[in-house]
Amino acid sequence: MPDLDLTGEHVLVTGGAGFIGRSVVAGLAAAGAKVSIVDLLPSTASGGESIVGDLCDPAVRDAAVTPDLTGIVHLAAFTSVLGSLRDPAAVHRVNVEATAGLLELARLRGVPRFVLASTNAVTGDVGDTPIHEELPIRPLTPYGATKAAGEMLLSGYAGGYGMTTCALRLTNVYGPGMAHKDSLIPRLMRAVRDDGVIQVYGTGEQRRDLVHVSDVVAGLMVAWRSAHVGPLIIGTGRSVSVLDIIDAVAKATGTPIRTEHVPAKPGEMPAVVVRTDRAAALGYSPAMSLEDGLVTVWDEFR
Ligand SMILES: NC(=O)c1ccc[n+]([C@@H]2O[C@H](COP(=O)([O-])OP(=O)(O)OC[C@H]3O[C@@H](n4cnc5c(N)ncnc54)[C@H](O)[C@@H]3O)[C@@H](O)[C@H]2O)c1
């Protein structure tokens, strides 16, 4: 972000070839940081070092966490909620064991900052109650549980070793670079492009907070500048129903969307309504409207 000068910083972005990772890498580099990447997939970003490998492999972590790093942004993860219900052991290996291994190397090698991409799903189902950072943690899926476990590890390393560890609890992120994903927005974009039918789980009245990836990068910068320790919710603070999202995509693409209602999936939260006051107090202010943000996604699909 323009007002944050990261000249002299060397940041490792795990998952830097992924959807959010690509924007984070670009944002950090634009702020002057040297950025290295580790991912299962090769990265197209130019600049710092790029390691292709599995973070479950200790040798890959060993190569990635160099002592000259000033921070790690840990985005690499098993990200599928439904997939985590099918294979909870796999999600544990990636989201907990690899995270613990990275944190420990950071401690041993004197890397002072560690930012984890977490989720509001750590809070579980609180109905329409707005989610904030002080609510108890009660995840409903293995995915949510592993992110909660990651947050607890970060807390222990902040308390025990004085590391600046922060968990960004992201709402539903959308934006350019998500064509490989299977979440609602890319499914809608594909339905429009291919003249397909979109499956709506349950009534479609469930509410979601959609945050544009550019605002996630802004949230990361706010956390970095303030050296925030602990969880920080990054969303828009405005939730819309799935049916409203379908309407918004139809407007952004200029195409009506055909829908088919199917039974709701287990573990799906009926509402995600968040409060972003803690991030706002640190200077976070999401700037992208849903209408403008959807156009940035459609540009890649059309
Ligand atoms: N997209 C969202 O709406 C959202 C919401 C909340 C939290 N998050 C979190 O944000 C982070 C990034 O998500 P994303 O949407 O960009 O997902 P993504 O799948 O596009 O990116 C994840 C990247 O991590 C890499 N990766 C996965 N396992 C790895 C491993 N074992 N070793 C090395 N690399 C590995 C993948 O190759 C991929 O490039 C994840 O931690 C996710 O849980 C995302």
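I began with Thr14 and found it buried, because its relative accessible area is 0%, where buried means under 20% relative accessible area, exposed over 50% and partly exposed in between, with a 1.4 Å probe and protein chains only. I note that this is a predicted model, in which local features need pLDDT of at least 70 and side-chain atom pairs count only at pLDDT 80 or more, while totals for chains, interfaces and linings use all residues. Residues are numbered from 1 along each chain as its sequence is written, and side-chain values use heavy atoms, with hydrogens and water left out.

**Entry on Thr14.** I placed Thr14 in strand E1, residues 10–14 (strands are DSSP runs of E of at least two residues, helices runs of H or I of at least four, numbered from the N terminus). The side chain of Thr14 makes a polar contact of 2.7 Å with the side chain of His74 (a pair of N or O atoms within 3.5 Å; within protein, one must be able to donate a hydrogen and the other to accept it, and residues adjacent in sequence count only if both atoms are side-chain atoms). I also found a polar atom of the Thr14 side chain 3.0 Å from the backbone nitrogen of Ala76.

**Entry on the ligand.** I looked up the surroundings of the ligand and found 26 residues, the closest being Asp39, Leu75, Tyr143, His180 and Lys181 (a residue is near a molecule if one of its heavy atoms lies within 4 Å of it). Helix H1 (19–30), strand E5 (113–119), helix H5 (142–161) and strand E7 (172–174) each give at least two residues to this shell. An oxygen atom of the ligand lies 2.8 Å from an N or O atom in the side chain of His180, an oxygen atom of the ligand lies 2.8 Å from an N or O atom in the side chain of Lys181, and a nitrogen atom of the ligand is 2.9 Å from a polar backbone atom of Leu55. The ligand taken alone exposes 830 Å², of which the protein buries 89% (Shrake-Rupley method, 1.4 Å probe).

**Entry on His212.** I then turned to His212, which sits in strand E10, residues 210–212, and which counts as buried because its relative accessibility is 4%. The C-alpha atom of His212 is 8.9 Å from that of Pro176, although the two residues are 36 apart along the chain.

**Entry on the record.** UniProt, in an unreviewed entry, places "domain: NAD-dependent epimerase/dehydratase" at residues 11–226, and such annotations may be inferred rather than shown by experiment. Over residues 11–226 I read 42% helix and 20% strand, with the end C-alpha atoms 16 Å apart.
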